[in-house]
Amino acid sequence: MDTPPGLLNVIDIEATCWDGRPPPGAVGEIIEIGLTVVDLGTAERVARHRILVRPARSSVSAFCTELTGLTQAEVNTGLSFAEACRLLAAEHRAGSRPWTSWGDYDRNQFVRQCRMTGTPYPFGRHHLNAKLPFTAAHGLRKRPGMARALEVAGLPLEGRHHSGADDAWNIAALVLDTAARGAWPEPADWSGPGAWSEWTARPGPGA
């Protein structure tokens, strides 16, 4: 089934983490996938989703719970990573719909974990680091973190920072702010896997 034009998946993940080095044998694994669907044609956030993912080679530390609010008991109810990737592809058109994240960490983590587990990568080739056009649109010298970007745009932080679902919702608001300034590029202008970090936006007329 074709994806409607103008729809964009905004992704933010949370992963197992520690205050210092991971325990022996443990690796950072995705434990939450937040997804907000943006309709660029109507300039609206039209859906939000949260996928919990059960880690296989690590556990949720006290530091991770303090940061994300997630507990081991909660993520134990989640899908396996492979199941989560299949859900992204089947239910959220991840393979055909362009997607964005705040920075390249989310994309790189998916690539690493897919390779590590032998899981098919669920996304298509059209990914954009949303920091890049936002930074250009606002004429900033440095790329801001998400919370700082919301301050720059005069937007509220909705929900809890470092909740994947809430962060995806807030990043979607920043995407719409960038688009309103005429600085969000068409997917056809995105240059392909691994090259988006070199992409430079030109501020639009509303910048």
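Two strands are taken to pair if DSSP finds at least two bridges between them. Helices (H or I, at least four residues) and strands (E, at least two) are DSSP runs, numbered from the N terminus. The structure is a predicted model, in which local features need pLDDT of at least 70 and side-chain atom pairs count only at pLDDT 80 or more, whereas totals for chains, interfaces and linings use all residues. Residues are numbered from 1 along each chain as its sequence is written, and side-chain values use heavy atoms, with hydrogens and water left out.

An open sheet is formed by 5 strands in the order 3-2-1-4-5, with mixed pairing. From one strand to the next, the twist averages 25°; axes are lines fitted to C-alpha atoms, for helices over the stretch in contact, and angles run from 0 to 180 degrees between N-to-C directions. Helix 3 (residues 81-91) packs on the sheet, where it touches strand 2 and strand 3, contact meaning heavy atoms within 4.5 Å. The direction of helix 3 makes about 5° with that of strand 2.

Strand 1 (residues 7-15) runs antiparallel to strand 2 (residues 30-39), and 9 bridges join the two. Within strand 2, Asp 39 is the bridge partner of Leu 7, and Thr 36 is that of Val 10. Strand 1 also pairs with strand 4 (residues 99-101), in the parallel sense and over 2 bridges. In strand 4, Val 10 has Thr 100 as its bridge partner.

Strand 1 is mostly covered, with 9 of its 9 residues buried (under 20% relative accessible area; exposed is over 50% and partly exposed in between, with a 1.4 Å probe and protein chains only). In a regular strand the side chains alternate between the two faces of the sheet. On one side of strand 1, Leu 7, Asn 9, Ile 11, Ile 13 and Ala 15 are buried, as are Leu 8, Val 10, Asp 12 and Glu 14 on the other.

Asp 166 lies in helix 7 (residues 164-180) and counts as buried because its relative accessibility is 17%. Apart from neighbours within four places in sequence, Asp 166 is in contact with Arg 48, Glu 158, Gly 159 and Arg 160. The side chains of Asp 166 and Arg 48 are joined by a polar contact of 2.8 Å. A polar contact is a pair of N or O atoms within 3.5 Å; within protein, one must be able to donate a hydrogen and the other to accept it, and residues adjacent in sequence count only if both atoms are side-chain atoms.
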